[in-house]
Amino acid sequence: MIKEGNFTVDTIKQILKELSQKRPIFHSEADFQHALAWEIHQKFNKIDIRLEKRFMVNELGEIYVDILLKIDDAAIAIETKYTTKKLEIKLNGEEFVLKNHSALDVRRYDFLLDMYRLEKLKSAGKVVIGYAVFLTNDPGYWKEPKRKNTNDEDFRIHQGRKIKANETLQWAPNTSKGTKKGRERLLRFEKEYSFEWELYSKDTHYEFKYLLVEV
């Protein structure tokens, strides 16, 4: 029986490596979420798995966790993001038509908000550990932007980005209300984080990388 202390970043990396051989591309975020949960189930069939598990946390109210693992009496939360640029391709007889999601600024924020929520769940004793996974074929996320002083500069998640403990992340003062709508919350993390992107799958027509953060 696997123990919660053995379900580490390296465990998830190995699961993603094995999953990439079967599913190098996904149709949607829901497709990725389900495939990841199923891969975990196949590898560790003694773990109870729940999708879209609801929690109540005083500071945040209602939270839904994408994947919740129950190991003995311990809970582990996994949040997933799958954001793409346009791609139409056929793999093993299956057609994939991926949308160009764009809006990198708000999607970066949403990933960091996932991390923030996981921290709050952990602090509240709802989970013992949390993992945030961001999978994409858009290099705009993993490459450091050349432009400085942008509205979303605090929310960048490129390779090598570091976030200090107790550092407050917020939109620049001139950010439009439309961009910030539903995303007004300032994000302040309890821990320090460093972002390291990993290769997920690659071919002549595409390259997917993922960012995995332990909270």
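Author: We can go from the overall build to the sheet, the helices on the sheet, and the cores. This is a predicted model.

Reader: ok, how many helices and strands does the protein have?

Author: There are five helices and twelve strands. The radius of gyration is 17 Å, close to the 17 Å that the globule rule gives for 215 residues, so the protein is as compact as a globular protein of that length.

Reader: And what box do the C-alpha atoms fill?

Author: Roughly 50 × 45 × 25 Å, taken along the principal axes.

Reader: How much of the protein is buried?

Author: Of the 215 residues, 48% count as buried. The protein exposes about 11400 Å², and carbon and sulfur atoms supply 44% of that area.

Reader: Next, the open sheet. What order do the strands have?

Author: The order is E1-E2-E3-E6-E12-E11, six strands with mixed pairing. At the edges are E1 (48-57) and E11 (197-202), each of which pairs on one side only. On average, neighbouring strands are turned by 35 degrees against each other, direction ignored.

Reader: E1 and E2: in which sense do they pair?

Author: Antiparallel, over nine bridges. Ile-49 stands opposite Leu-69 in E2.

Reader: Which strands does H2 lie across?

Author: H2 lies across E1, E2, E3 and E6, and runs at about 145 degrees to E3. Helix H3 (residues 104-123) also packs on the sheet, where it touches E1, E2, E3, E6 and E12. The direction of H3 makes about 165 degrees with that of E6.

Reader: Changing topic. How many residues are in the largest nonpolar core?

Author: It has 36 residues, and Phe-7, Ile-25 and Ile-78 have the most contacts inside it. Among the elements that each supply at least two residues of this core are helix H1 (9-22), helix H2 (29-43), strand E4 (87-91) and strand E5 (94-98). A second, separate core has 35 residues, including Trp-142 and Phe-195.

Notes. Residues are numbered from 1 along each chain as its sequence is written. This is a predicted model: local features need pLDDT of at least 70, side-chain atom pairs count only at pLDDT 80 or more; totals for chains, interfaces and linings use all residues. Side-chain values use heavy atoms; hydrogens and water are left out. A nonpolar core is a set of buried Ala, Val, Leu, Ile, Met, Phe, Trp, Tyr and Cys residues joined through side-chain atoms within 4.5 Å. Buried means under 20% relative accessible area, exposed over 50%, partly exposed in between (1.4 Å probe, protein chains only). Helices (H or I, at least four residues) and strands (E, at least two) are DSSP runs, numbered from the N terminus. The radius of gyration is taken over C-alpha atoms; the globule rule is 2.2 Å times the number of residues to the power 0.38. Accessible areas come from the Shrake-Rupley method with a 1.4 Å probe; for residues, only the protein chains shown count as cover. Two strands pair if DSSP finds at least two bridges between them. Axes are lines fitted to C-alpha atoms, for helices over the stretch in contact, and angles run from 0 to 180 degrees between N-to-C directions. Contact means heavy atoms within 4.5 Å.
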